[in-house]
Amino acid sequence: MHVTYWCEMAWLPPGEVVESVAVAIEGSRVADVRPGVPPPPGAERLAGLTLPGLANCHSHAFHRALRGHTQTGRGDFWSWRERMYAVAETLDPDRYLALATATYAEMALAGITAVAEFHYLHHGPGGTPYANPNAMGEALVEAARRAGLRIALLDACYLTGGIGDALTGAQVRFGDGDAERWAARADALAGAHEGARDVEIGAAIHSVRAVPPEQMHVVVDFAHRHTGPLHVHVSEQRAENEACVEAYAATPVQVLHEHGALGPRSTAVHATHLSDVDVALLGGSTSHVCMCPTTERDLADGVGPARRLLDAGSPVTLGSDSQAVIDLFEEARAVELDERLVTGQRGHWPAADLLHAATAAGQASLGFPDAGCLVPGAWADLVSVRLDSVRTAGATRASAVASVVFTATAADVHSVVSGGRRVVTDGRHVLGDAGRLLREALAPLVA
């Protein structure tokens, strides 16, 4: 199918806003990009600034059920985690399909065209596998397809409830017993989607708390064997670092380095509490780092050294994580604004660098390196943002990128083309009222 879109303005390589851009699409790919042309006959007009598709590099879809229900009273990450476990106890494949579909539709409305789902809710109550041991993972794949997203399903190995501790409570649904049994199940999932262009089956080491170092090589080998992404929660909490140093005489980053888990297809999620050595190891290995500022502030986790990591060699990406907010523009500007609060200085991140983190860098960390830029041959992802809303009014071509990154919200996204498919038109998803979908999916979980 051939479709041509005419963009009032578009953000084109190497990072320039260009007016009057025609983008021709053949199937799921960009066929041609012509700047400075009048609207071709029959072209569909895209107002405002058109960007490549945004990549959400860290998602736990079922956490969407917690929004608004964990925002009262005092506490910390660990008390929040108990509420999360309570939601995990209520889910089965059908409920997860409904919730993930609605959550991914919310992401599409925010301009996200690809998501990395950090998936550890594998089994039924009590840890009993479903008839299809990957039923929960398959629900996530189907949900992404219904919502119009590509998905990197990061099957997480989760074996211990803490360093040296057995799984308890809801955690038993996460575990496979040992890494070899995890790999056998994950291999079956990868085999079921071999050749699928819109699905990348990757791996995750949940954390140094959840995977003993002597078993990490199995997860690393899986990622190498399938040439897929490998993600891991890293140093989100000071208590995690302290326990790791006490047990292994090394930080989490050092443990991962020693066991081969760092590298250009790896992503360290959070990377909040790092030593200088940690920064050097991540940067030297060109491991990606995924910052999730809206979750990190919601859980009082802290502010990671994002700019130092980028300067050391780690591409920085963005994620919505706990779904406290699904808005990658907010995640992007929070990286800069949080560093301002910590340092007392402005201007750590040019807007274009933050937009790169939300697009090309993020898509690459998900295993879609041929996405995230508007060039012939790339995935046909076009996200159009209003420049005439109460937030963005006054934007010019020269200020358009800064206006989008520092003032726009997800509500300013009015059109989304994902892999050549128009999934959002005039701010409405093809599945209909996403708010209704969310209400219906959440009703049995938050009553």
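**Exercise 1.** In this predicted model, find which residues of helix 4 are buried, and work out why they share a side.

*Solution.* Start with accessibility, taking under 20% relative accessible area as buried. In helix 4 that picks out A179, W182, A183, R185, A186, L189 and A190. Next, look down the axis: these residues cover an arc of only 170°, which puts them on the same side of helix 4. Now turn to the opposite face, where E180, R181, A184 and A192 are exposed.

**Exercise 2.** Describe the length, the N-terminal cap and the packing partners of helix 4.

*Solution.* Begin with the span: helix 4 runs over residues 179–192, and its 14 residues reach 20 Å from first to last C-alpha, close to the 20 Å expected. Then check the N-terminal end, which D178 caps with a side-chain oxygen 3.1 Å from the backbone nitrogen of E180. Finally, list what the buried residues pack against: helix 3 (135–147), strand 7 (150–157), strand 8 (199–205) and helix 5 (213–225).

**Exercise 3.** Locate the residues with the most contacts inside the largest nonpolar core, and list the neighbours of Y104.

*Solution.* The largest nonpolar core has 135 residues, and L49, F62, Y104, I151 and I205 have the most contacts inside it. Take Y104 next: leaving out residues up to four places away in sequence, Y104 touches S59, A61, V115, E117, L140, A143, A144, A147, L149 and I151.

Technical notes. Residues are numbered from 1 along each chain as its sequence is written. This is a predicted model: local features need pLDDT of at least 70, side-chain atom pairs count only at pLDDT 80 or more; totals for chains, interfaces and linings use all residues. Side-chain values use heavy atoms; hydrogens and water are left out. Helices (H or I, at least four residues) and strands (E, at least two) are DSSP runs, numbered from the N terminus. The expected span of a helix is 1.5 Å times one less than its number of residues. Buried means under 20% relative accessible area, exposed over 50%, partly exposed in between (1.4 Å probe, protein chains only). The arc is that of the directions from the helix axis to the C-beta atoms. Contact means heavy atoms within 4.5 Å. A polar contact is a pair of N or O atoms within 3.5 Å; within protein, one must be able to donate a hydrogen and the other to accept it, and residues adjacent in sequence count only if both atoms are side-chain atoms. A nonpolar core is a set of buried Ala, Val, Leu, Ile, Met, Phe, Trp, Tyr and Cys residues joined through side-chain atoms within 4.5 Å.
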